[in-house]
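This briefing is intended for a reader who is meeting the structure for the first time. Please view the sequence and the model together before reading the points below.

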Amino acid sequence: MTMHHRRSPGRRTRRAAVATVATSAIVCGLIGSAPAFATPQPAPAEPSFQDGLSQSVFTTDRNEWIRQELWVESEIDSDGDGQPDLIHIDVSRVPETDTDGLKVPVIMEMSPYYAGGGNVPNWNVDHEIGEPPTSKPGFPAPAAPRTSPKISSSWESTWVPRGFAVIHAESMGSGFSEGCPTTGGINESLGGKAVVDWLNGRTKAYTSADRTDEVRADWATGSVGMIGTSYNGTLPIGVASTGVQGLDAIVPVAAISDWYNYYRANGAVRAPGGYQGEDADVLADYVHTRPDQDTCQGVIDDIREQQDRVTGDRNEFWEERNYMNNIGNIKAATLVAHGLNDWNVMTKNAVDLYEGLKETGTPHQIYLHQGGHGGNPTDVMLNRWFTRYLYKQQNGVENLPKAYIQREDRVLTEYADFPDVAAADATLHFTPAEEAGGIGALTFAADTSGTTESIVDDASKRVAALAGAETSSNRVLYKTPELTESVRLSGTPSVSLKLAVDRDKANLTAVLVEYPASGAPKVITRGWMDVQNRNSDAVTDPIEPGTAYDFRFDFEPKDYVFNEGSRIGVMVLSSDYEYTVRPAPGTTLTVSPGSSTVSLPIVGGVAALVNALGAEAPGTDHQVITAEIEGGALSMTVSSSDPVVLDPVTLSGVDQTTTGALHPVEVRDSRGTAAGWDLTAQVSDFTGNAGRILAQNLGWLPHADVVTGDLEADPNSESTVTPGDTAEPGVGLGDTATMCLSPRSHSAGAFTCGADLELGIPGSARKGVYSAVLTLTLI
């Protein structure tokens, strides 16, 4: 069924005028000697929809479109010139938006690449871990930008005839946009937000950078969608994370949701595939194409210092560029698109974003294909998405399956969700090889021999060669028996390793491999870690050479079918030539196979893997035991309803303090998701008959403990809790503060939290009894 928007009053007026002119011409023809008939003008096109899709009913003649070149005023001055940065944009829209009062939504692609880039060298990676070079060769200034008056023509031929305006915007510090490039910093997100604000009448735009002639977007509905690939797809996530009103849909393709996960992995300085040695400063230099090159040099120098190629730790610099911190602000319906074989922007970026959207309830779909970097969803998927969320047509896209995965045979297959709802972890244990450097086994039973195996690091050896070698001292390798039927992996595999290092620094790499019945092995996914970040990517924990530690980290997420007749392999090595820093050869890692495992999210769970592997040897068989565990709630209980009474104080005319302690609070997380929680507190002012004592004068020293049981827990999910920061009287609890928190993956269980209190009594206080209310919030 074809649907049309109701005509606006402006359109009715225009059609009435056409009819009047035609009647007048007929009357005149009757008076004169020869009849003359005017040809009626065609009615203007209107947005049209069929089967929930926008139809191409507007002119495709680019010469008839309305074109504008504008500069939009942002809310930030990132180049320090004393004025808000201007964002350079172009606009393409149908003539009806001028002649007929038609209002249309916008599809915008923002990019730092429209003006090209500089010839910027990457960092040298052939050095010891933690000892990077401090300088690299210089490079010539980029060519003068050629993005005025037209920035780009992408998307126009498809979307303008369907009744959408198309905007191209140059990201900060690129082309003719002001501001400075910051490789995902908040200013870049605010640059895109400014364009959405202008389309909703909340900021100004000008016809030139001199800010004289202002232009309004009176042709826009205010509903905006953003789309793009790589950096161009990352910017929509950043803009959406500001919570800007009017950004109603985004399609991030091969996009970054956390810049740390683009240039780092679990504390390791790890490059994006194909760009060994690139880092945040290199990319900022590359996209810094505004004509006045000196303006932003200080900003980029600051990036170079803060990115920290020494430790690789997550820090405040990277946290500013972690859009997942603001996932709750993203209200734009999000169609995530990513290549399952993208080793530039790796799949973790897409999957983390998608999982976050599921948790917040934001409308979402995911499209995963077999290609590498890039690859848009199908035109029908895009059309249905933008028609639903920009033109507000009720086409039911939100009720369709959530996951669209191109299978290995290139057939696009619909699934209820990703990871597959039937996927569950199946754990396999490492069994050592019979000979040094040989190939061990992956089995359901743990090895109890106590045998260890060694890896001698040699960063010059490539993963493909090591995976194909029958013997090697530079890796350990374990394989399953041949699969008797295919099995599908869907989700994020992980590896748990117990090993020792003969020095205090080392890379650690794990690779999941398929060994087909014939032909070369195929790398399915990889994961990396710095051994000094075994507990957190934000904390360097020194290791004692020769002491064995537990290391657990994820592979990049994947959806892959292992074929019948193939074997599943896990290979562990130290440095990865293609991705990590490459130290001199010789570091030795000693692995304990009996204490090391791999966890695979298999559709059908462990039962499917058992069936596919069959008996591991004559005289062996398996039985699968399952237990269903249902989740409960996140709750807290205060141990007493009595008031907390602080020690009495005798006024002395000078500031003094009184002390006490909060009643303990028990937190129980039985949700079964280990999603993490945070217990916060905020106190009111202390009031009494004679006056008040301000809330910030209450300080505290929080403490927290795990309520432990006697049963041994999986160390990868054991309960942990951290007390909040100490606050001194005078800078105390007037604002919300954390009493205790438990991180994601370790928050399940029971905990007690409390705090010692110290109230500052000003020397000017009046005598009396003062009371305040401490509000506790568990989220």
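The points that follow concern a helix, a strand with its partners, a sheet and a single residue. The model is a predicted one. Helix α5 spans residues 231-240 and is largely enclosed by the rest of the structure, because 10 of its 10 residues are buried. Strand β7, residues 165-170, is likewise mostly covered, with six of six residues buried.

**Helix α5**

- The buried residues of α5 begin with Tyr231, Asn232, Gly233, Thr234 and Leu235, and continue with Pro236, Ile237, Gly238, Val239 and Ala240.
- Among the elements that cover these residues are the helices α4 (186-199), α7 (280-287) and α10 (347-360).
- The cover also includes the strands β6 (104-111), β10 (220-229) and β11 (247-253).

- Strand β5 (residues 86-93) pairs with β7 in the antiparallel sense, and four bridges link the two.
- Within this part of the model, Ser92 stands opposite Val166 of β7.
- Strand β6 pairs with β7 in the parallel sense over six bridges.
- Ser111 has Glu170 of β7 as its bridge partner.

**A sheet of four strands**

- Four strands form an open sheet in the order β38-β39-β34-β41, and their pairing is antiparallel.
- The edges of the sheet are β38 (722-723) and β41 (774-778), each of which pairs on one side only.
- Strands β34 (residues 677-683) and β39 (residues 737-742) run antiparallel and are joined by five bridges.
- Trp677 is placed opposite Ser742, a residue of β39.

**Residue Thr525**

- Thr525 is located in strand β25, which covers residues 522-530.
- Is Thr525 buried or exposed? Thr525 counts as buried because its relative accessibility is 0%, and the cut-off for buried is under 20%.
- A polar atom of the Thr525 side chain lies 2.7 Å from the backbone oxygen of Glu556.
- Leaving aside residues up to four places away in sequence, Thr525 touches Trp343, Pro493, Ala510, Val511, Leu512, Phe555 and Glu556.

Terms used: Residues are numbered from 1 along each chain as its sequence is written. This is a predicted model: local features need pLDDT of at least 70, side-chain atom pairs count only at pLDDT 80 or more; totals for chains, interfaces and linings use all residues. Side-chain values use heavy atoms; hydrogens and water are left out. Buried means under 20% relative accessible area, exposed over 50%, partly exposed in between (1.4 Å probe, protein chains only). Contact means heavy atoms within 4.5 Å. Two strands pair if DSSP finds at least two bridges between them. A polar contact is a pair of N or O atoms within 3.5 Å; within protein, one must be able to donate a hydrogen and the other to accept it, and residues adjacent in sequence count only if both atoms are side-chain atoms.
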